[in-house]
Amino acid sequence: MGLLSKKDANLILDPLADNNPITIQVLGICSALAITAELKASIVMAVSVMFVLGIGNVVISLMRNIIPSKIRIIVQLVVVAALVIIVDQVLKAFAYELSKTLSVFVGLIITNCIIMGRFEAFALANGPWRSFLDGIGNSFGYGLILIIVGFFRELLGSGTLLGFKVLGDPIGSPETGPTGLYALGYENNGFMLLSPMALIVVGIIIWVQRSRNKALIEEN
Amino acid sequence: MGLKNTLHNLKEKYKGKKMAPAFNAIHTFLYLPNETTHSGSHVRAADDLKRTMNTVIMALIPVLIFGMFNAGYQHYSAINGFPADFSLLNDFLTWDNFLVGLTTVLPLVIVSYVIGLAVEFIFAVIKGHEVEEGYLVTGMLVPLIVPIDTPLWMLAIAVIFGVVIGKEVFGGTGMNILNPALTIRAFLFFAYPTWMSGDKVWVHEAVERAGTADAISGETILGQLAQNTDASYSISDMFFGFIPGSVGETSTFLILLGGLFLIFTKIASWRIMLSAVIGALTMGLIFNGVVSADWISEGSKFYGLMSFEFWQHLLVGGLAFGIVYMATDPVTGSQTNKGKWYYGFFIGFISVLIRVFNPAYPEGVFLAILLMNVFAPTIDHYVVQSNVKKRLKRSNKATA
């Protein structure tokens, strides 16, 4: 890592695994449950959050010395809201169908705990470059989990990935009937499309992660 | 004694190694262990966990056998029409009927046990604890509460899910919040609803024959009622179980015998069973009252189920089976005697409530029991707290 010092690199790498916003800090769960039924939506959500958190962290970090601490939450909200509106408008302009799938959850990025959490915990106390790295790192960690969950939910729930029928066609043409795995009698798991299953998938990720890294297990 | 010695030697050889729990389990399952407790105080009791489990399995065997005969009976009746003058020996207890049941139900039993025990063994080896007997009953309950033609791979996935997520993540047998068998059933219901509901899944081969000239179907009584048609089975058919349904749930008579056996052997709580029956009857009476007060028109989609005689709710669907074999699970149910009354009552009450109002699937026993499983610790907490408060008051009065 010639580009980044070791300390800076850790800002990006830590949130990917050992300090992951979703699996370790348990933040941003609502959106992880709500929009991960499709991989595409997960990816778009991850990119949106990365945009908002990356830029938001820089903006807050630049203003950190002039924000009166009594009204800092309001200021932070204004910054997030402005960025989220930009994301929302871009999605509506260029990916209307997708923005309908994501519906209210784009707007709800404002209330995503990860964003306010990083503003409060990091951007208010660090310079813009480090804040930017922190924002990118955390949204990477968030996006990674979203994409893993979205991958399994779409694959097992709908039998597709990004809309492609990777497991074969459940209906198929009238002559051949179902193709691929479906010809063998496989069926999609409808439970995967329901939100509780997203919680269980996140839970399994947390389980696997903690059993691999014993340092993460809390003492009680 | 060759096998016993081999197992014992294997056990000694692998003592302290990773695979030890697996050999221990096979050994103690087949034979009495060689070890005896030699220090500390201990109680000699015959009813260990394994024997408790075996008693429940014994209570389930008649239901299983009946389910096999009924599978064939429903299958042939759907094809040839129900026999005009039914005789138990000539029409029901026939070799043909049993053969259909054997070839459809036995694979379910085998898959359930093989997959479930494999998961248990793997977890025991990973975690380094002994294999627990908890799956013995679950493995027998699972094939009894699924439709007859459930694809085996679906059952296998559901069993893995139920045992891992329903039980092992909480720490294994005795630590689970939800009844594993019902977790498996709920998983199947939400994951593959087309295989779990409708009028095609309850009779063997009905799914394959759908859309062909040989199409057969067998709507359950609850399914008929949900469509506002009258049940086409007599009360005695319902009671003795000559009706379509999941494999083991149909015969209220045999379930009743099994329940009495469990109460007599003090394995299951009569408080839970009785209060659940009272709860179901209460809810049934409320619905009957709504109908007789003319608060609901005959055109309403709930009319069929709401006007169903309140006591007949006990005879159809999985209510009786759930109350006797599932609600009484000592791990997931309430522990306090007073709590058991509340716990059971709400199971019956909510079962009938869901059964009537569930738009997609006119049955709710498994959902009601899972819901009350979640609330059982809360109920116990308040029962204990109220007792603490009562005794505190009494002692304060005595000292004052």
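What pLDDT does chain B average, and what share of the residues score at least 70? The model is predicted, and chain B averages a pLDDT of 84, with 94% of the residues at a score of at least 70. Where pLDDT is low, the predicted coordinates should not be read in detail. For the complex, the predictor gives an ipTM of 0.82 and a pTM of 0.85.

Chain A can be taken next. Its secondary structure consists of nine helices and zero strands, so that, by the definition of these elements, the order from the N terminus reads α-α-α-α-α-α-α-α-α. Along the principal axes, the C-alpha atoms of chain A fill a box of roughly 70 × 45 × 40 Å. Of the 220 residues in chain A, 34% are buried. Among the contacts in chain A with a separation of 6 or more, 74% are between residues 24 or more positions apart.

One helix pair of chain A shows the packing in detail. Two packed helices are described by the angle between their axes and the distance between the axes. Helix α3 (residues 39-63) of chain A packs against helix α4 (residues 72-94) of chain A at an angle of about 145 degrees, and the axes are 10 Å apart. The crossing of α3(A) and α4(A) is right-handed. On the α3(A) side, the residues that meet α4(A) are A:S48, A:F51, A:V52, A:I55, A:G56, A:V59 and A:I60. Their counterparts in α4(A) are A:Q76, A:V79, A:V80, A:L83, A:V84 and A:V87. By class, this contact of α3(A) with α4(A) has ten nonpolar, three polar and no charged residues.

Leaving aside neighbours within four places in sequence, B:I369 is in contact with B:N179, B:L182, B:G322, B:M326, B:A327 and B:I347.

The contact between the chains takes eight residues from chain A and eight residues from chain B. On the side of chain A that touches chain B, four residues are nonpolar, three polar and one charged.

Is B:I235 buried or exposed? B:I235 lies in helix α12 (residues 235-240) of chain B. B:I235 counts as exposed because it has 12 C-beta neighbours inside 10 Å, and the cut-off for exposed is 12 or fewer. From B:I235 to B:H313 the separation is 78 residues in sequence and 11 Å in space, C-alpha to C-alpha.

How values were computed:
Residues numbered from 1 in each chain as written. Chains lettered and ligands numbered in written order. Predicted model: local features only at pLDDT ≥ 70, side-chain atom pairs only at ≥ 80, totals over all residues. Contact = placed C-beta atoms within 7 Å. pLDDT = per-residue confidence, 0-100. Nonpolar A, V, L, I, M, F, W, Y, C, P; charged D, E, K, R; others polar. Axes fitted to C-alpha atoms, helices over the stretch in contact; angles between N-to-C directions. Helix = DSSP H or I, 4+ residues; strand = E, 2+ residues; numbered from the N terminus. Left-handed = near helix turned anticlockwise from the far one by under 90°. Buried ≥ 20, exposed ≤ 12 C-beta atoms within 10 Å, placed from the backbone.
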